[in-house]
Amino acid sequence: MFQLLCRRAAPLRSLSLYPRCNKPADLWKLSRWYTSPGSNAHSSSQKPGNAISHFWSLTRKAACRPVTRTSKTPHVVLRYILGPAVLTVSARVFCHVAHCEEDVNHNTVIDVVAKNSAPEFKWHILWEFVKPQLFALIGAVVLAFGAAILNIQIPLMLGDLVNVVARYLREHTGNYIHEIRGPALKLLGLYGIQGLLTSGYIILLSRVGERVAADMRKTLFASLLRQDVAFFDANKTGQLVNRLTADIQEFKSSFKLVISQGLRSITQTVGCFVSLYVISPKLTGLTVVVLPCLVGAGALIGSFLRRLSRLAQEQVAKATGVADEALGNVRTVKAFAMEERELRLYAHEVDKSCEINENLGAGIAIFQGLSNIALNCIVLGTIFAGGTLISNNELSPGDLMSFLVASQTVQRSLASISILFGQMVRGLSSGARVFEYLGLEPTIPLSGGGRIPYHSLTGRVDFMNISFSYPTRPGHQVLKRFNLTLPPCKTVAIVGESGGGKSTVASLLERFYDPTSGVIMLDGLDIRTLDLCWLRGQVIGFINQEPVLFGSSIMENIRFGKPEATDAEVINAAKQANAHRFITGFPDGYNTVVGERGVTLSGGQKQRVAIARALIKNPSILVLDEATSALDAESERVVQEALDRATRGRTVLIIAHRLSTIQGADLICVMSNGRIVEAGTHLELVSKGGLYSDLIRRQRAEGQR
Ligand SMILES: Nc1ncnc2c1ncn2[C@@H]1O[C@H](COP(=O)(O)OP(=O)(O)OP(=O)(O)O)[C@@H](O)[C@H]1O
């Protein structure tokens with residue numbers, strides 16, 4: 001049952017991160033069905049597995065859809081908080097009713113559940129980023145608050161000004177300029193100070209926002225680089241880059257907007273409402289009825305338009321994705337003469353995007369038209385009602401002016417609060433996505449642990465009883481009680497069927513993953529107790545089938561193996577790798593820029609630069625994972641020459657595909673089904689006439705074909 005559960009749960013790990021909602025009642029039905037004595041749930045050996053995947057599909061429906069970029073209502077926020085809890089509790093309940101006794105089963109389900117629930121926003125992490133900018137942030141808040149208070153004063157001062165004008169028009173006595181100068185200068189001063197405060201808080205806030213975002217980017221990037229290879233197996237690079245770019249951008253904008261406009265809008269709404277009430281309680285009563293209705297209707301249309309705008313953005317992103325894929329794989333597109341098809345695909349997405357954007361444009365036009373009518377009607381209504389009050393001597397013209405301006409301020413502030421709420425929820429979910437990986441600790445720490453002094457390091461490696469499953473496929477055991485010794489300064493080759501686990505052995509030696517059970521020893525020490533940076537950086541040189549170079553110069557690419565290396569050391573490594581001649585043949589020599597992922601070099605040249613990059617650190621152990629299998633015969637010969645020279649005096653593990661390249665190895669091991677089934681020298685194995693001889697025969701037959 002344990003294995004069944006694990007096997008069933010394993011593929012679920014890769015399910016979508018955003019499940020949709022459905023009825024929780026289904027869950028209860030499922031557990032009843034599973035436990036009822038009459039059901040045949042226990043009789044079939046497949047049932048627990050079926051049940052758990054059924055359970056999962058219902059649980060993820062029954063829980064909730066966590067907050068996405070578009071979800072804004074408080075109802076969704078509640079679900080956002082409750083969702084993960086519902087998932088976890090129901091997972092435990094299910095495990096209980098399904099009699100899952102082994103703890104690991106609970107953990108498997110709960111792990112799956114946890115992976116599929118929305119990340120939480122962690123305020124304490126935000127605090128860590130904001131703390132260094134606290135003074136600037138407090139300054140920004142004070143200035144924004146000051147600007148909002150002044151904004152409340154402006155309608156009242158405008159009223160004073162209008163009262164002077166009205167009195168002069170009514171009485172035509174006194175010195176108009178003299179009377180108007182006082183309130184006008186006061187208002188001018190207020191405008192000036194308000195402008196200064198506004199500039200001040202925007203400058204401070206943008207400084208805080210940019211610095212917080214920069215710190216977040218650096219910390220997130222550092223955290224991502226620290227993660228294990230298993231983490232990158234489970235997460236798409238595009239999504240990780242999205243967290244570094246779009247999510248941090250979204251969070252920064254929301255952070256700035258909520259602090260500046262949120263504070264201003266709330267202060268202005270409260271302040272101006274008080275002013276309105278002081279000016280005219282009767283008119284305020286009227287406003288209280290009309291304004292929320294209009295703002296509510298505006299918010300509703302606004303949310304519809306925002307949804308349309310999000311759809312338009314997604315469609316643009318889709319079209320960009322098609323173009324990105326086609327341009328990124330332009331050689332494959334050209335090789336299959338697929339330019340027309342790619343163009344059609346792109347045109348289809350662009351047309352869709354154009355249609356949605358046109359609809360959005362029409363929606364915005366109608367919205368603006370309606371809001372213009374509504375705003376003008378409010379002004380008209382206020383003047384009409386206010387005029388009646390003036391005629392009854394209940395209100396002065398200046399008060400009416402103050403009322404008009406203050407009510408417009410309230411209206412603008414309320415509209416901006418409704419937009420800000422959506423922005424805040426979007427910002428929180430973006431922030432949560434960023435924070436999710438900030439606190440993530442790798443299971444294999446990069447530093448810490450012992451080092452073996454260079455002079456006493458022999459380079460002997462022992463794989464002892466290694467069993468291993470990839471974390472993304474826990475049910476599939478790749479290595480089964482695997483044993484192998486790499487004697488110091490000897491070459492051991494592993495051959496065998498495709499998918500038999502040969503490259504996995506190399507990955508375990510590099511500690512890209514840790515074995516599920518068993519120990520790998522270096523000079524008699526468990527490699528888990530050794531400093532990983534030292535192990536990868538100085539002890540093991542790794543060359544694989546498809547070397548990836550960085551888009552910089554050849555010199556920098558080789559120096560990547562040892563950043564402090566001198567130019568002479570780089571040239572020496574290139575000579576050892578048979579690369580010096582072709583490099584100096586380029587007009588720019590070692591300064592030749594190799595293009596994205598080394599695209600401007602041939603396969604053989606790329607491989608030799610990669611060999612030089614591995615050799616420059618003078619590793620005691622060299623791992624060659626099918627280093628020549630992607631090359632043509634001539635390139636293979638040159639690279640093989642380089643490798644033969646490079647392997648002298650080192651412990652070498654060769655993962656070989658072409659058997660012709662490993663005949664001189666000190667030991668050849670044939671792998672099948674996760675363990676070594678034959679071992680010996682080339683001659684010994686050939687004379688045995690076992691699996692090795694079969695492999696040679698098969699390769700010869702393929703070669704002849
Ligand atoms: N990152 C991974 N995550 C999950 N499973 C993997 C991963 N890499 C390899 N596997 C699986 O592990 C098994 C062994 O793969 P491995 O690459 O070690 O085989 P191999 O013997 O080197 O094959 P080949 O000769 O074709 O390169 C395969 O079934 C493969 O699908």
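Predicted model: local features only at pLDDT ≥ 70, side-chain atom pairs only at ≥ 80, totals over all residues.
Me: How many nonpolar residues does the contact of helix 8 with helix 10 have?
Reply: Ala, Val, Leu, Ile, Met, Phe, Trp, Tyr, Cys and Pro count as nonpolar, Asp, Glu, Lys and Arg as charged, and the others, Gly among them, as polar. By these classes, the contact of helix 8 with helix 10 has three polar and four charged residues, and its nonpolar residues number 14.

Me: Are helix 8 and helix 10 roughly parallel or antiparallel?
Reply: Helix 8 (residues 176-226) and helix 10 (residues 237-279) have axes 10 Å apart and pack at an angle of about 155°, where axes are lines fitted to C-alpha atoms over the stretch in contact and angles run from 0 to 180 degrees between N-to-C directions. Because of that angle (over 145 degrees counts as roughly antiparallel), helix 8 and helix 10 are roughly antiparallel.

Me: Which residues of helix 14 meet helix 13?
Reply: The axes of helix 13 (residues 339-391) and helix 14 (residues 397-438) come within 10 Å and cross at roughly 155°, which means that helix 13 is roughly antiparallel to helix 14. From helix 13 the contact takes I378, V379, T382, G386 and I390, and from helix 14 it takes P397, L400, F403, L404 and S407.

Me: How many charged residues lie in the contact of helix 11 with helix 14?
Reply: Helix 11 (residues 281-328) packs against helix 14 at an angle of about 35°, with the two axes 10 Å apart. The residues of this contact divide into nine nonpolar and seven polar, while the charged ones number one.

Me: Which residues come nearest to the ligand?
Reply: A residue is near a molecule if its C-beta atom, placed from the backbone, lies within 6 Å of it. Helix 15 (residues 502-509) gives the largest share of the shell around the ligand, three residues, and the shell as a whole divides into two nonpolar, eight polar and three charged residues. Of the 13 residues around the ligand, the nearest are Y470, S498, K502, S503 and T504.

Me: What ipTM does the predictor give the complex?
Reply: The mean pLDDT (the predictor's confidence in each residue, from 0 to 100) of the protein is 77, and 82% of its residues reach 70 or more. Over residues 1-117, however, the pLDDT is below 50. For the complex, the predictor gives a pTM of 0.67 and an ipTM of 0.96.

Key. Residues numbered from 1 in each chain as written. Helix = DSSP H or I, 4+ residues; strand = E, 2+ residues; numbered from the N terminus. Parallel < 35°, antiparallel > 145°, perpendicular 65-115°, else oblique. Contact = placed C-beta atoms within 7 Å.
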